[in-house]
Amino acid sequence: INGTGEKEPTGILHESDGADVGVTVESLTYDEVINLYFSVKAEYRKNGVWLMNDETALVLRKLKDSDGNYLWNHANDTILGKPVMISEFMPGIASGKKPIAFGDFSYYWIISRSPVFFRALFEKFALNNQIGYLSTEYLDAKLVRKDAIKVIQMA
């Protein structure tokens, strides 16, 4: 989510190679979440998913429209019929941060650069009649269609 692209995958929130900003806001409101939804092209909304942390989810669970209807569907954890995914790695609601992402995450490709490598370590663990294991895997990731995912940017 937050990768810089230097010795780690490029994250969804990367400034230049990550998702585009769909909406810039002072505070999260019902209307601004709707604006983020419609900032994503219809072809990407079809398989859209919301991504946020717990703190942001709590705020969105409480948002209501002018008629008192909740934005968040509490029966099936969706917003506008699209599922909500929670990640502790998404930033919170603070100035300059991007607390909500929405779109088709199938365009964020994760690639295995080399197969998983395992090696048994006998020497250090032999005194305790144990075997240790060392494993290495190299991954890379990048958003291949920047317009597939949009984020809310806090002003």
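Trainee: What share of the accessible surface of the protein belongs to carbon and sulfur atoms?

Mentor: This is a predicted model, where local features need pLDDT of at least 70 and side-chain atom pairs pLDDT 80 or more, while totals for chains, interfaces and linings use all residues. Residues are numbered from 1 along each chain as its sequence is written, and side-chain values use heavy atoms, without hydrogens and water. By the Shrake-Rupley method with a 1.4 Å probe, the accessible surface of the protein is about 9400 Å², and the share of carbon and sulfur atoms is 51%.

Trainee: Is Y37 buried or exposed?

Mentor: Buried means under 20% relative accessible area, exposed over 50%, and partly exposed in between (1.4 Å probe, protein chains only). Y37 has 12% relative accessibility, so Y37 counts as buried.

Trainee: Why is the pair of Y37 and F102 called tilted?

Mentor: Rings of Phe, Tyr and Trp (its six-membered ring) pair if their centres lie within 6.5 Å; planes under 30 degrees apart are stacked, over 60 edge-to-face, and the rest tilted. The centres of Y37 and F102 are 5.2 Å apart and the planes stand at 40 degrees, so the pair is tilted.

Trainee: How many residues apart are Y37 and F102?

Mentor: Helices (H or I, at least four residues) and strands (E, at least two) are DSSP runs, numbered from the N terminus. Y37 lies in helix α1 (residues 30-39) and F102 in strand β6 (residues 100-103), and the pair links distant parts of the chain, 65 residues apart.
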